[in-house]
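This report is meant for a reader who meets the structure for the first time.

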Amino acid sequence: MSKNRTWMGRAIEELDRGELEAALEAALNLLRSVPSASLARSDVEVRETASGTVVGRAFKWAFIPAGQLWSEEDRREVQTRLDEFALRRGLQGATVRFGPDRLDVEVPRRLQVEQVIALQEWLDSERETLDVSRVP
């Protein structure tokens with residue numbers, strides 16, 4: 001990563017705590033001024049439901065029914081990893097759902113944009129475990 005990171009013309013490393021707080025607040029206001037779904041990558045779907053928000057992505061298991069590929073034990077293992085992640089990101093209550101060709105994470109509330117971005121990153125981290133195209 002480049003060391004040429006600045007805010008308002010000054011190197012970030014030189015900013016005091018008050019300036020960093022103001023910069024973070026400005027960045028959060030900017031991020032939150034756009035719909036969360038507009039910041040989602042094309043391989044991630046974000047949708048609002050009556051009960052909260054669903055963030056999901058397709059995996060390459062479309063030709064093997066998810067119920068036959070992944071057992072209830074597998075789902076519990078993925079749920080355990082999600083629960084650990086959720087505690088650190090304010091996503092308590094998030095639930096893993098396997099679909100025929102996808103993994104969805106349902107969160108029982110509307111998400112802030114930084115939470116959507118964090119869930120995208122978590123789904124990426126699960127790719128190594130779940131994407132059967134990567135199995136030798």
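## The buried face of helix α3

In this predicted model, the residues of α3 that count as buried are V78, Q79, L82, F85 and A86. Viewed down the axis of α3, these buried residues fall within an arc of 130 degrees, so they line one face of the helix. The face turned away from that buried side carries the exposed residues L87 and R88.

## Length and end of the helix

Helix α3 covers residues 72-89, and at 1.5 Å a residue its 18 residues should span 26 Å, which agrees with the 25 Å that separates its end C-alpha atoms. After α3 comes G90, a residue with a positive phi, near 70 degrees.

## The sheet

Four strands make up an open sheet, in which the order is β3-β4-β6-β5 and the pairing is antiparallel. At the edges stand β3 (44-49) and β5 (95-98), and because each has a single partner strand, one side of each is left without a neighbour in the sheet. On average, and with direction ignored, neighbouring strands of this sheet are turned by 20 degrees against each other.

Strand β4 (residues 52-58) pairs with strand β6 (residues 102-107) over six bridges in the antiparallel sense, and R57 stands opposite L103 in β6.

## How helix and sheet meet

Helix α3 lies across β5 and β6, and the helix runs at about 145 degrees to β5. Of these two strands, β5 is an edge strand of the sheet, while β6 is the strand that pairs with β4 over six bridges.

Terms used: Residues are numbered from 1 along each chain as its sequence is written. This is a predicted model: local features need pLDDT of at least 70, side-chain atom pairs count only at pLDDT 80 or more; totals for chains, interfaces and linings use all residues. Side-chain values use heavy atoms; hydrogens and water are left out. Two strands pair if DSSP finds at least two bridges between them. Axes are lines fitted to C-alpha atoms, for helices over the stretch in contact, and angles run from 0 to 180 degrees between N-to-C directions. Contact means heavy atoms within 4.5 Å. The expected span of a helix is 1.5 Å times one less than its number of residues. Buried means under 20% relative accessible area, exposed over 50%, partly exposed in between (1.4 Å probe, protein chains only). The arc is that of the directions from the helix axis to the C-beta atoms.
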